[in-house]
Amino acid sequence: MSDRSCLTANDWICGEYVRSRGQELTDATVQHVWITLVSVLIGLLIAFPLALLARDRDGRRSRFAGPVLGLTTVLYTVPSLAMFSLLLPVFGLSAAVVVTGLVLYSLTVLVRNILAGLEAVPAEAREAALGMGYGRGRLLWEVELPLALPAVLAGVRIATVSTVALTTVGAIVGYGGLGTLIVDGLDSLFKAQVLTASVICVLLAVAADLLLLGLQRLLTPWTRPRAPRIRTARTAPVPASAAKAG
Amino acid sequence: MGAIGEAFAWLASGANWQGESGIWNRLAEHLYFSGVCLLLSCLIALPVALWLGHVGRGGALAVNLSNAGRAVPTLAVLVLLTLTPLGRQGDLPTIIALVLFAVPPLLTNAYIGMREVDRAVVEAARGMGMSGWQVFVRVELPLAYPLVMTGLRSAAVQVVATATLAAMAGEGGLGRIITAGFNTYDTPQVVAGALLVAVLALLVEGVLVAADRLLDPMRRRGADRPAA
């Protein structure tokens, strides 16, 4: 009885809503997760070659570094609603609009962090590997990338968390995962739906962050002992980049 | 591309610039909101961050605030605020949301900027007999300036973007041209609105970069610092 009334009373917190619309919430969450996952993965696939392009044979910045970093910064400046709208004529009303926009945003952080990670590889380590007869590919794969991993993973964490938040804006083309529920909830003034979807969205971001933190610890055990909190934030190459929220 | 051409045709039509939902009015709304909120955010965040940086406290707060800001979807905050009783207070929800998202980059960058000032330089200044205030104004502030400006730039771009999203929660601003276009299945209008928003964001960033160069108290540009 009291549960029924929380829907009619339009309460913020409503167990009955979660029970009766569980399927809707699950569908939205699943869509949210796959859009985020696909975007970050494609972002990584594109960011790696771009970061390599920005380096020359000796590991210094190449002449492409400026244009690559400049372009990704410009893309990052474009507000998300505008980005998705500009992609609309290219892809029509589809998930591709949202994924493409999110990939373009993730590039900024990913390229910067991958590049910073590679640049932080000690010259001695590179020279030792070259002296041992490593080829360029093997040097990259077996020496440089493992050493760059902490910075790369830090970038993946930042990119993933902001992608989770940004996916909501995809609601404008109907592919916003939980964002679609939030916007629909606004139209029908359905408070429980808006609050529940918002909370799940934040929880998703936190869960993704913790998961990636765990992965980071697992893959780069050598970074564990040092680094008090403030230090990790400061050594991240993009400490200043705010949330890409709009 | 056809869509871009149609969007330019939409922009070229004088009728679309006039009236309450015209471009001029929407642009004015957008600039008004953004300006007021950026100013408010600076007034809130900078004194706190600079003071915390000066005394060297609250680092965890300053850094975590920025991380938290990343995880919270702007759209959700806008919609939630609109549905609260505050939503009946006109523009108040939008202003609160804009300030909420502009404060973290300002606070974090200004704080880190202050803390990154070489301790040896601060010690030397103290040794020369400078008071706390003199150290702050003549040593720490000029050295922290680049990161403070980076924070200001992030915040400004953030505010412009958030003001765009406010349209999805029923507010004015340039984003309204986009959402109105979506409602009437008018793709040229959507693209035209998006172009306006993108150009505005890039202009704001560009103007602030230029201002940054002009105003930098150190006036030296050695190694390129990461533009975030």
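How many salt bridges are there between chain A and chain B? The count is zero, where a salt bridge is a side-chain nitrogen of Lys or Arg within 4 Å of a carboxyl oxygen of Asp or Glu. The structure is a predicted model, in which local features need pLDDT of at least 70 and side-chain atom pairs count only at pLDDT 80 or more, while totals for chains, interfaces and linings use all residues. Residues are numbered from 1 along each chain as its sequence is written, chains are lettered from A and ligands numbered from 1 in the order in which they are written, and side-chain values use heavy atoms, with hydrogens and water left out.

Helices α4 (65-77), α5 (80-91), α8 (136-167), α9 (178-187), α10 (191-219) and α11 (229-235) of chain A each supply at least two residues of the side that touches chain B; helices are DSSP runs (H or I, at least four residues), numbered from the N terminus. That side of chain A divides into 37 nonpolar, eight polar and five charged residues. In this classification Ala, Val, Leu, Ile, Met, Phe, Trp, Tyr, Cys and Pro are nonpolar, Asp, Glu, Lys and Arg are charged, and the others, Gly among them, are polar. The contact (heavy atoms within 4.5 Å) takes 50 residues from chain A and 54 residues from chain B. About 4200 Å² is buried between the two chains, 79% of it on carbon and sulfur atoms; buried area is the accessible area (1.4 Å probe) that two parts lose on being put together, summed over both.

Over all chains, ten salt bridges are found. One of them joins A:R55 to A:E144, with the closest N and O atoms 3.3 Å apart. This pair links distant parts of the chain, 89 residues apart: A:R55 lies in the loop between α3 (22-53) and α4 of chain A, and A:E144 in helix α8. Both A:R55, at 12% relative accessibility, and A:E144, at 2%, are buried (under 20% relative accessible area, with exposed over 50% and partly exposed in between; 1.4 Å probe, protein chains only). Salt bridges that share partners join A:R55, A:R126 and A:E144 into one network.

Within helix α8 of chain A, A:E142 and A:R138 are four residues apart, about one turn of the helix, and their side chains meet in a salt bridge at 3.1 Å, N to O. A:E142 is partly exposed at 41%, as is A:R138 at 42%. In chain B, B:E29 and B:R26 pair at 3.0 Å. These two residues are three apart in helix α2 (residues 23-55) of chain B, so about one helical turn separates them.

One disulfide (a pair of cysteine sulfur atoms within 2.5 Å) is found over all chains. The bond links A:C6 and A:C14, whose sulfur atoms are 2.1 Å apart, and is right-handed, with 65° about the S-S bond. A:C6 is buried at 7%, and A:C14 at 3%. By contrast, B:C37 is in no disulfide, the nearest cysteine sulfur, that of B:C42, being 11 Å away.
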